[in-house]
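The sequence and structure come first.

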Amino acid sequence: MTALLLSCNSGAGTGNKAADNDTAVVQPVYITDTVQYDSDDPAVWINPADPAQSLILGTDKDIHGGLYVFNLEGKIQHDKVVKGLQRPNNVDVAYGLTLNGKPTDIAVVTERKSYKLRVFSLPDMKPVDNGGLDMFVGETGEGFRDLMGIAMYKNKKGDIYAVVGRKTGPVDSGYLWQYLLTGDDSGHVKATLVRKFGKYSGKKEIESIAVDNELGYIYYSDEQFGVRQYFADPEKGNEELSVFGTTGFSDDHEGISIYKLTDSTGYILVSDQGSNRFQVFTREGTKANPYEHTWLKTVPVTAMESDGSETVTVPLGAKFPHGMFVAMSTDKTFHIYRWEDIAGKTLQVK
């Protein structure tokens, strides 16, 4: 396949001149209860029966850490919290994995010090991984098996994949590994490696990964360098499609999340960690370049030095009629925002 690398260096200071850059710090509607050690990455499970009863998941990153579960007001759901995880780093959610013949929603967590993915059914948070799924098997470099990022991809056929990152890895290609998740005969999840891909600048590390299921793209933050884009479908190859956000960030590129206005339009939000703000880019490309993501605005937030974030497009009850934005904060909490407050005067709401 012909290489598809297209330079898209539309940084946070060089985008659409018509964009109105809001200056007021956006305030959350709620701040969650504190975790025990070190909050790191959120995900949201949308309750299909009643979206207002959806759940926020958040990792507590410590060798004796856990996976916390909150309601939409940020209150800990103590009967669902998973403790005793070995430095859980990131978490993501997938819907409808077939286990024991039934579609099952799952939360998938990277457990850094065991080198395993941990998988729990939703909303009951019961383990369905038979003790965990070994990742990066055969790697021997220091930090090459220390799990960090995770993003779930579900293709149009219904296949579910885990895209997994680690503390460090090779520069030229293969930093990320992608696994097909399926159910085994005992009703547990199993993982099959399908590809190794992804460049790395070597500057710091790669943690945050996001997948656009509808458009079929993977994005990940190469910290202190930019955001890289690849196809999510392994059959489409491992060529890098674009690099964007290479200027205008004060420190690390971190959490990535996507607000979807339609199946093909919306926004990509990337944490500018050192400045307590998020840089917003177009989800869709331009007519001239389908992989060009234009910078639109900067959103200052109360969440401090945010590593991870999650964006939900669907209405989640009266408090969140246009969706939700959740960002980790270094004070052991997650900050919960209304999308319309993030959107301000310049972005659209669904």
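## Strand 17 and its partners

In this predicted model, strand 17 pairs with strand 18 (residues 242-244) in the antiparallel sense, over three bridges. Within that pairing, arginine 228 has valine 243 of strand 18 as its bridge partner.

Strand 17 also pairs with strand 16 (residues 217-222), again in the antiparallel sense, here over six bridges. Tyrosine 219 is bridged to glutamine 229 of strand 17. A hairpin is formed by strand 16 and strand 17, with three residues between them. In its turn, glutamine 224 has a positive phi of about 70 degrees. Strand 17 (residues 226-231) is largely enclosed by the rest of the structure, because six of its six residues are buried.

## Lysine 61

Lysine 61 lies in the loop that runs between strand 4 (55-60) and strand 5 (65-70). Is lysine 61 buried or exposed? Its relative accessibility is 11%, and buried means under 20%, so lysine 61 counts as buried.

The side chain of lysine 61 makes a polar contact of 2.8 Å with the side chain of aspartate 40. Leaving aside neighbours within four places in sequence, the residues in contact with lysine 61 are Asp38, Asp40, Arg87, Pro88, Asn89, Arg112 and Asp307.

## The largest pocket

The volume of the largest pocket is about 940 Å³. It is lined by 41 residues, and those closest to its centre are Val211, Asn213, Lys260, Glu310 and Thr311. By class, the lining of the largest pocket consists of 20 nonpolar, 11 polar and 10 charged residues.

Several strands contribute to this lining. At least two residues each are supplied by strand 3 (39-45), strand 7 (88-99), strand 11 (147-154), strand 15 (206-212), strand 19 (253-260) and strand 23 (309-312). Which strand gives the largest share of the lining of the largest pocket? That is strand 7, with six residues.

## The second largest pocket

The second largest pocket has a volume of about 310 Å³. Of the 14 residues in its lining, Tyr153, Asn155, Lys156, Asp233 and Lys236 are the closest to the centre. The lining of the second largest pocket divides into four nonpolar, three polar and seven charged residues.

How values were computed. Residues are numbered from 1 along each chain as its sequence is written. This is a predicted model: local features need pLDDT of at least 70, side-chain atom pairs count only at pLDDT 80 or more; totals for chains, interfaces and linings use all residues. Side-chain values use heavy atoms; hydrogens and water are left out. On a 1 Å grid over the protein atoms alone, a cavity is a set of points where a 1.4 Å probe fits but cannot get out, and a pocket is an open set with protein on both sides within 12 Å along at least five of seven lines; lining residues have an atom within 4 Å of a point. Grid points are joined across faces, edges and corners, and a volume is the space filled by probe spheres set on the points. Helices (H or I, at least four residues) and strands (E, at least two) are DSSP runs, numbered from the N terminus. Ala, Val, Leu, Ile, Met, Phe, Trp, Tyr, Cys and Pro count as nonpolar, Asp, Glu, Lys and Arg as charged, and the others, Gly among them, as polar. Buried means under 20% relative accessible area, exposed over 50%, partly exposed in between (1.4 Å probe, protein chains only). A polar contact is a pair of N or O atoms within 3.5 Å; within protein, one must be able to donate a hydrogen and the other to accept it, and residues adjacent in sequence count only if both atoms are side-chain atoms. Contact means heavy atoms within 4.5 Å. Two strands pair if DSSP finds at least two bridges between them.
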